[in-house]
Amino acid sequence: MAAQMNVHVKVAGALNLPYRQLATATNDDDGCTDERAREGGGCSEPAVWTGNAKKEGERRTVHARTKPAGKLDQVRSRTVCGSTSANAVPVFERLDGDDAHKWNQSMDVLTEVGLERAEAEKFLTRAYGWGSQAYWRKEKVEEVPEPEKVQACISYLNDLGLEGADLMGVIKKFPEVLGCDVETRLKNNVAVLENQWKMKGMVITNTLKRKPEILGFTIDCYGDCAGECNRCW
């Protein structure tokens with residue numbers, strides 16, 4: 001029993017769950033942790049943390065090693081659910097009036113280049129600061145896009161030779177590009193490729209296909225780290 005408690009404490013720590021919550025979710029009075037194994041006449045060992053948890057949104061998959069009676073060890077997956085934002089209301093449903101109209105028009109711009117509407121919603125959410133702030137760092141917070149600016153971004157990417165699947169690939173890798181100003185950010189970074197790195201034509205196009213985040217760089221620390229590595233040359 002002491003060993004079983006120790007295992008549960010380790011699992012609870014790894015999942016950031018209170019021990020009592022984990023114990024309630026995984027144990028019955030007989031100490032069996034697997035409902036199906038118990039019904040089939042076998043019983044599992046307590047859940048063992050294997051260090052192989054895959055985070056999807058706020059869901060984690062934990063591998064537990066089970067030992068049904070008379071059978072070899074099997075590894076099965078059990079999902080432990082925490083709080084999740086997967087069912088969060090889409091941004092366009094939270095807007096109204098002119099803001100909602102601008103958002104929907106901006107999504108139309110993206111669907112016209114081949115993106116699914118759900119993808120367009122997801123990328124605009126990132127590009128205008130409604131989602132992760134890993135890139136924006138509070139520079140852009142819950143802004144409503146101007147469809148003309150989104151179209152200007154798409155047109156400039158086309159001018160750089162990024163069209164069709166290549167264009168969609170750039171947007172998928174770096175959605176924030178849709179929120180970057182063409183004149184002050186995109187063109188400035190392309191100028192660095194041209195002037196400092198002596199690139200031109202298809203060399204620039206292929207470089208941006210591989211590493212589109214270059215378009216969003218805002219700083220060159222010259223080796224004296226400024227703590228903005230995902231925006232730094």
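Are tyrosine 135 and phenylalanine 174 buried or exposed? Both are buried, where buried means under 20% relative accessible area, exposed over 50% and partly exposed in between, with a 1.4 Å probe and protein chains only.

First, the ground rules. This is a predicted model, in which local features need pLDDT of at least 70, side-chain atom pairs count only at pLDDT 80 or more, and totals for chains, interfaces and linings use all residues. Residues are numbered from 1 along each chain as its sequence is written, and side-chain values use heavy atoms, leaving out hydrogens and water.

As for pLDDT, the predictor's per-residue confidence from 0 to 100, the chain averages 77, and 63% of the residues score at least 70. Residues 17–87 fall below 50, though this stretch has 111 contacts beyond near neighbours in sequence (heavy atoms within 4.5 Å).

Now to the rings. Tyr135, Trp136 and Phe174 form one aromatic cluster. Rings of Phe, Tyr and Trp (its six-membered ring) pair if their centres lie within 6.5 Å; planes under 30 degrees apart are stacked, over 60 edge-to-face, and the rest tilted. Tyrosine 135 and tryptophan 136 are edge-to-face, at 4.8 Å centre to centre and 75° between the planes. The rings of tyrosine 135 and phenylalanine 174 have centres 5.3 Å apart and planes at 85°, so this pair is edge-to-face. The two residues are 39 residues apart in the chain.

Lysine 140 lies over the face of tryptophan 136, at 5.0 Å from the ring centre.

Terms used. Helix = DSSP H or I, 4+ residues; strand = E, 2+ residues; numbered from the N terminus. Lys NZ or Arg CZ within 6 Å of the ring centre and 35° of its normal.
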